[in-house]
Amino acid sequence: MRTITTTEDLATFCAEAAKAPYVTVDTEFLRERTYYPHLCLVQLAYPGDGKTDAVLVDPLEGGLDLAPLYALFQDHGVVKVFHAARQDLEIFWHGGQVIPEPLFDTQVAAMVCGFGEQVGYETLVRKIARENLDKSSRFTDWSRRPLSEAQKRYALADVTHLRVIYEELKAELDKSGRIKWLAEEMAILKDPATYVVQPDEAWQRVKTRTNSARFLGIVRELARFRESYAQERNVPRSRVFKDDALVEIASTKPASAQDLGRSRLLLREARKGDIAEGILAAVQRGLNAPADDLPKPDRNREKMVVNPALADLLRVLLKAKAEQENVAQKLIATASDLDEIAAGRRDVAALRGWRKEVFGTDALSLCEGRIALAAKGSDVVIVRL
């Protein structure tokens, strides 16, 4: 098991990998104490002789520069293969402002190929590579050095078995003509906006049970302060204050440190110093914001009238289509998509792209009474009217 600790050795490996049709990639990182993921290890492999084609890259040793790896990521002649790529890509975007291209995510590909909902890597290793993984090192501290042999074996297995998985899934997608389906899904992963949380938009992630514009205005200011504070100091947003405390503060509207001290949910550290001052200032900004500058409550869902019988029929249609096409239901449409379609909305993801071909066209036909569903033995069939 070879571990690369110098930029020169990484450049040499990447030059060899650039001659291959693809390279598999994985990372080990920590995030419990930081806002941004702390990269501890990169695993790389390409199809080769089995001796020099898989390595561990240690960014914590020897002042290694990942520039050669970022250059490989931008080489359009080499497919970069990940499993459940989102967190890995976030690391590389924040670390080097680069997103690998072209990109192949085996978790998404497996869903397209009928392996179920968000299938895990261990499952694919067992079903495709016919191997079993030793997961004993999964939750170890990857920042500690030296790494144990067990850690190294575990880490390397995440990219060596991935080669077999990629080749089988790619062959299946080529055979079925569904490679364009995967390309549509990869577009979201390749968008840098996927990995950036703007403080001004952070409030939209906070779940509330009110449509009061003023209340949402306070939530917006509190969430903005928390996100900016967490990003600037590289600490988890939950270490500043959690969502339940944020909603409590927006309800009680504290005006002083004494008021803040009465909070039931606010962490002790947040009741003093910079955080306390930031909270009180955010509450005042929310209270003083002009009415026309307050967030607009989303009343569309509130006004949405869902035909429950039609929604149930759409669920049956979705299940039938997913089984017929051998693709994961949730990849085609979510429960929310079905409710929106049943309520008459047409700007829904399930009605665009490959999803429209597989499900959307028939879903609209069902809504318009141009098809019906019937039972035929254990199957559900479509009846054209």
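About 480 Å³ of space lies in the second largest pocket of this predicted model. A pocket is an open set of points on a 1 Å grid over the protein atoms alone, with protein on both sides within 12 Å along at least five of seven lines; lining residues have an atom within 4 Å of a point. Volume is the space filled by probe spheres set on the points, which are joined across faces, edges and corners. Of the 19 lining residues, Val 108, Met 111, Gln 118, Glu 185 and Leu 331 lie nearest the centre of this pocket. The lining has 10 nonpolar, 3 polar and 6 charged residues. Ala, Val, Leu, Ile, Met, Phe, Trp, Tyr, Cys and Pro count as nonpolar, Asp, Glu, Lys and Arg as charged, and the others, Gly among them, as polar.

The largest pocket has a volume of about 920 Å³. Its lining comprises 29 residues, with Thr 27, Glu 28, Phe 29, Arg 138 and Tyr 154 closest to the centre. Strand E2 gives the most to this lining, 5 residues. Helices (H or I, at least four residues) and strands (E, at least two) are DSSP runs, numbered from the N terminus. By class, the lining of the largest pocket holds 8 nonpolar, 9 polar and 12 charged residues.

Phe 215 and Ile 218 are among the H8 residues that meet H10, where Leu 246 and Val 247 are among the partners. Contact means heavy atoms within 4.5 Å. The H8 and H10 contact includes 9 nonpolar, 1 polar and 2 charged residues.

Residues are numbered from 1 along each chain as its sequence is written. Local features need pLDDT of at least 70, side-chain atom pairs count only at pLDDT 80 or more, and totals for chains, interfaces and linings use all residues, while side-chain values use heavy atoms, without hydrogens and water.

Terms used. On a 1 Å grid over the protein atoms alone, a cavity is a set of points where a 1.4 Å probe fits but cannot get out, and a pocket is an open set with protein on both sides within 12 Å along at least five of seven lines; lining residues have an atom within 4 Å of a point.
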